[in-house]
Amino acid sequence: MTNIQPIAGELEIHPDVALVERVRKGDVSAYDALVRKYERQVFRIAQHITQNREDAEDVMQDAFLKAYEKLDQFQGNSKFYTWLVRIAVNESLMRLRKRRTGKMVSIDEDVQTDEGSVPRDLADWAPDPEQHYTQAELARILEKTIKGLPPGFKVVFELRDVQGLSTEDTAEALGLSVPAVKSRLLRARLQLRERLSRYFGRKRGVEK
Amino acid sequence: MTCKEFLALLDDLIDDTVTPEMRTDLRTHLEGCDHCKVTFDTTRKTIEIYRSHQIYDLPSGLRERLHAAIMNRCKKGC
């Protein structure tokens, strides 16, 4: 059997890279397409880190403007979205520092938790527990539950589990090592699970 | 396999990045351990709920403001 290797010119170009190329040639509508594609994701990351709606709006605007201005620096050897997330995370942290009057805030600060210990709260959940709540109630529970996690945990969980990025892309976007992403993901998942058990645990009934 | 060893591989089981042999070991542990079975099921459910009920909707008007800001920036030189 002949194995046909693609020649260089036939390699598939990622749609984002094609859009970036069009922007570089002066087609601003191509940038609009990139904004539409990623605006929700960028907004959620900003909201997770800043915990403030107004700040998240400003961060989203600043991040997309900065990415637009720095587009020449985008190399194309990383994915556009991971490059964009890195800008958005930096903008979010800057905003948070400003609000906390210069106190250092970092995505890779190590937070002491009981990693590796077997979870305590082990009430099983009712089947489809989310159906006991209205959409608005559920949204409040999910927001409240994730709010208390350290920023580094929230963003890792958002990128890996909600947005579906690979561990490697998450690490690149956040400037973290792969083991650091894995460790934060496990702790984020277990902490969220434990906190949601307060609402969904079968033994305690459904609390509202 | 102890519960602690199971927990160390919980993410790999959820993400399905374990070898077939390891998956068999983990499944065997699950069959005999209610504690880890609940942890596994509810952790997987946690992810599923957050994935299917995405929080923090984009505020109305934000897209238009961003578009205007980009167009304004573009006037200074795209």
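The exercises below, each with a worked solution, treat the domains and nonpolar cores of a predicted model.

Residues are numbered from 1 along each chain as its sequence is written, and chains are lettered from A in the order in which they are written. Because the model is predicted, local features need pLDDT of at least 70 and side-chain atom pairs count only at pLDDT 80 or more, while totals for chains, interfaces and linings use all residues.

**Exercise 1.** Find which elements of domain 1 of chain A touch domain 2 of chain A.

*Solution.* Begin with the bounds, which come from an automatic or database domain assignment: domain 1 of chain A covers 13-99 and domain 2 covers 129-200. Their centres, taken over C-alpha atoms, are separated by 21 Å. The contact (C-beta atoms, placed from the backbone, within 7 Å) takes 12 residues from domain 1 and 11 residues from domain 2 of chain A. On the side of domain 1, two or more residues each come from helix H2 (28-50) and helix H4 (80-99) of chain A, where a helix is a DSSP run of H or I with at least four residues. The largest share, 5 residues, belongs to H2(A).

**Exercise 2.** Describe the largest nonpolar core and the surroundings of Ala46(A).

*Solution.* A nonpolar core is a set of buried Ala, Val, Leu, Ile, Met, Phe, Trp, Tyr and Cys residues joined through C-beta atoms within 7 Å, buried meaning that 20 or more other C-beta atoms lie within 10 Å of a residue's own. The largest has 53 residues, and those with the most contacts inside it include Val42(A), Ala46(A) and Val156(A). This core draws at least three residues from each of domain 1 and domain 2 of chain A. Leaving aside neighbours within four places in sequence, Ala46(A) is in contact with Ala56(A), Val59(A), Met60(A), Ala88(A) and Ser92(A).

Notes: Contact = placed C-beta atoms within 7 Å. Buried ≥ 20, exposed ≤ 12 C-beta atoms within 10 Å, placed from the backbone.
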